[in-house]
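Welcome! Try each task before you read its solution.

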Amino acid sequence: MSVDAIMHTEFPAGYTVFFGVDGKVVMTPQSVERSSTIKSLQYDTIVSLGRHAKTVSDVYIDFPADENSAPDLAVLREDAQRQGKRYSFEDVLLIAEVVSISSARKDYDDCTAKYGRYGIPVYAIVDPYAGEVVVHTEPTGTGYITARTHKYGTGKLPIQLADGRTFTLDLDELPRPEPEAR
């Protein structure tokens, strides 16, 4: 199935659709934890980068070789311009993916390799189930050189962006799963 065909397909409401590197299409219902965490990330972008900062959530970004992605949050360069309907991976300063129970392998393994391979300067994995954020920096052809883990509840985490701005993630405010959801 081509990317354009997928873009024009209506998937059931309340589901997130993942496209694996092996060609698999996975549909999973979006959890309350994932939705709340994405909302918290979006709020932190407004607080630290301003209301009009260029960010997107669940919006396709063009990568080479039809490896397009719709990350949970992407912070873009201020001068980023859409190429047709989409931004290019070259415009991305930070990508954050929020782990869901069904996406852990994809977020920790597949996306780390992919985003590093394409030179995304910062890749953050936000894991509400582990109560931690893993920030990857220094991309390489196979992933990232540096990965630092930060626990929820440890204050504000400043993340330097390649353009000199600082995105501050409030680790005290990230939502945690309710006990019955674990």
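**Task 1.** Find what share of the contacts between residues at least 6 apart in sequence join residues at least 24 apart.

*Solution.* Begin with the term: a contact means heavy atoms within 4.5 Å. Among contacts between residues at least 6 apart in sequence, 48% link residues at least 24 apart. Before going on, note that this is a predicted model, where local features need pLDDT of at least 70 and side-chain atom pairs count only at pLDDT 80 or more, while totals for chains, interfaces and linings use all residues. Residues are numbered from 1 along each chain as its sequence is written, and side-chain values use heavy atoms, leaving out hydrogens and water.

**Task 2.** How many helices and strands does the chain have, and what percentage of its residues is buried?

*Solution.* Helices (H or I, at least four residues) and strands (E, at least two) are DSSP runs, numbered from the N terminus. The chain has three helices and twelve strands. Next, buried means under 20% relative accessible area, with exposed over 50% and partly exposed in between (1.4 Å probe, protein chains only). Of the 182 residues, 47% are buried.

## Two residues in contact

**Task 3.** Is Thr37 buried or exposed, and what does Thr37 touch?

*Solution.* First locate Thr37 in helix 2 (residues 32-49). Its relative accessible area is 0%, so Thr37 is buried. Beyond neighbours within four places in sequence, its contacts include Val98, Val126 and Pro128.

**Task 4.** Where does Pro128 lie, and how far is its C-alpha atom from that of Leu174?

*Solution.* Pro128 sits in the loop between strand 8 and strand 9. Pro128 is buried too, at 4% relative accessible area. Its C-alpha atom and that of Leu174 are separated by 7.8 Å, although the residues are 46 apart along the chain. Not counting residues up to four places away in sequence, Pro128 touches Glu33, Thr37, Val98, Val99, Tyr152, Pro175 and Pro177.
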